Amino acid sequence: MATVSSPDSISSDKGHSPVSSSGPVKLDVESQNSSSKNEATTTSDAVSPDEDAAFEDNSNVPHLSIPRLFWFFFYNFGLFAWGGPVAQIALIKDRLVIQEKWITLARFQRVFSVYQILPGPEAAELCMFFGCLSAGRLGGIVAGLAFILPGFILMLLASYVYSLAGFDNKYFNASFRALQPMVAAMILRATHKIADHSVMNQRTRKVDPFLVIAAICTAINGALRINIFISLGLYGVIYTFISRRLWIPAGVLFVLQYVGYAIYVVFRGVPSPVSLALGIAKTPSLINLFVLGLVAGSLSFGGAYTAIPFVQVEAVLKGGWLTQSVFIDCIAIGNVLPAPLVIFATFVGFQGGLVDGGLGNAFAGAVIITLGMFFPCFLFTIAGHSLLEKLVRNKFLSAFFDGLCGAVVGVIAIIAAQILKSSVEGLVGKAKTDPISVAYDRISQVGPAAVLYLLALAVLYKFNNKYTALLLLISGAVAGQFIFVT
């Protein structure tokens, strides 16, 4: 993980950032860019004992009333949370650390590195942290809500508009048809970014072949339909053994996973695609939506792009109450709103509630799943930062999180491939039986979708501006009117 290296910039990668020489990691795909390698530092290791006192100095923190605190974070950060985590975190740091000097830069670096290992969006967690400094735990809750609220309201509105026009309106659908391959390109680009940093050995700063193997084997396990939770936990344990040079236990565990799989196939057959899910949201009832958000939020150590697979396998594959195309659309919408990308869960909850019980249930579902998604980051942040710092320094947990984050790359890679296939193919031939009509559809839709995918991928690799994704999606929506309106 990279820490903040200067007053004018914040590292955009979410690879390995040591708090100690073996601190754990958290990956946030959206916030990485190609220049971050040159910005990565290990300043948190270099903090002297004399500077430790500054980490507890709150003398410059203004004590705001709850209403003023809410408005401060709502107006200064919530309304201007465009451009993803990089821009969001940089905005918070520039205003509160550089300009108003609530805390020292060194303390900010340590706080940021701690929150990088937690599930959930770091920008929201930082707002909670500063809210706690100003007005205690209640202030932390209020600051976090103020940051999230604008994006939540906009996503709720977008979900409602989509439900009115998105299923039958050919112009609306044409725009989203063009956006789907672009979203697939974003996820593939995100997979590359996360891989750049999650497979690095913290001590040597070189590629760790064991983490590369963890990523590859997790992708293979996904193709074999081995539950992703099994793979994540297993490779966390295996890498813990490897980091302590316990080669035999690590090798035994590695072999046993495939021996167990082979035995399962012999007696039960090849697992079905739904075996990737836990089955916690077979129906989109309110309680199931809350649990779905809670599980996805608790396990989103790679940020929003890691939460995507957990929601997708439950809602699309296992539950079947959300189609793949609608799921891709919600990710596209989440990319253009001033909010953490995990706000896509609000859309999923709305559509699930709509299926389960009508419009009133839809709004309730949107609220419920959002509460579940953000509850873990609120809990961990408000519960106590000092305890989290101690956990970060635990060597056992450090190695486990390293292995888990390496395996996350494989999980996202599988989802990237699945979404690419769905977004390019679309609905071609599914409503037609005439071979000529099917061939015409394939030429008129699959070809342009593939071209849009390649163009979007080229743009994402070429440009790293915080507004690249926003401008790309707007351009795609306009292009869809000329390409896919029939």
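Of the 486 residues of the protein, 53% count as buried. The model is predicted. The protein has 19 helices and 0 strands. Among contacts with a separation of 6 or more, 75% join residues 24 or more positions apart.

The largest nonpolar core holds 120 residues. Within this core, Phe 73, Phe 130, Phe 327 and Val 348 touch the most other members. Helix 6, residues 122-165, gives the most to the core, with 16 residues. In soluble globular proteins, nonpolar side chains tend to be buried together.

Phe 327 was examined next, with its neighbours within four places in sequence left aside. Its contacts are then Ile 308, Val 311, Gln 312, Val 316, Leu 322, Phe 344 and Val 348. Phe 327 also belongs to the contact of helix 13 with helix 14. Helix 13 spans residues 324-335, and helix 14 spans residues 344-357. The two helices pack at an angle of about 140 degrees. Their axes lie 8 Å apart. The crossing of helix 13 past helix 14 is right-handed. From helix 13, Val 326, Phe 327, Cys 330 and Ile 333 take part. They meet Phe 344, Phe 347, Val 348 and Gln 351 of helix 14. By class, the residues of this contact are 7 nonpolar, 1 polar and no charged.

Ile 92 lies in helix 4, residues 84-99. This residue counts as buried because its relative accessible area is 0%, against a cut-off of under 20%. Ile 92 and Phe 73 are 19 residues apart in sequence, and their C-alpha atoms are 9.4 Å apart in space.

Helix 9 covers residues 228-243. At 1.5 Å a residue, its 16 residues should span 22 Å. Buried positions in helix 9 include Ile 228, Phe 229, Ser 231, Leu 232, Leu 234 and Tyr 235. Gly 236, Ile 238, Tyr 239, Thr 240 and Ile 242 are buried as well. Just after helix 9, Arg 245 takes a positive phi of about 60 degrees.

Technical notes. Residues are numbered from 1 along each chain as its sequence is written. This is a predicted model: local features need pLDDT of at least 70, side-chain atom pairs count only at pLDDT 80 or more; totals for chains, interfaces and linings use all residues. Side-chain values use heavy atoms; hydrogens and water are left out. A nonpolar core is a set of buried Ala, Val, Leu, Ile, Met, Phe, Trp, Tyr and Cys residues joined through side-chain atoms within 4.5 Å. Buried means under 20% relative accessible area, exposed over 50%, partly exposed in between (1.4 Å probe, protein chains only). Helices (H or I, at least four residues) and strands (E, at least two) are DSSP runs, numbered from the N terminus. Contact means heavy atoms within 4.5 Å. Axes are lines fitted to C-alpha atoms, for helices over the stretch in contact, and angles run from 0 to 180 degrees between N-to-C directions. A crossing is left-handed if the near helix is turned anticlockwise from the far one by less than a right angle, and right-handed if clockwise. Ala, Val, Leu, Ile, Met, Phe, Trp, Tyr, Cys and Pro count as nonpolar, Asp, Glu, Lys and Arg as charged, and the others, Gly among them, as polar. The expected span of a helix is 1.5 Å times one less than its number of residues.
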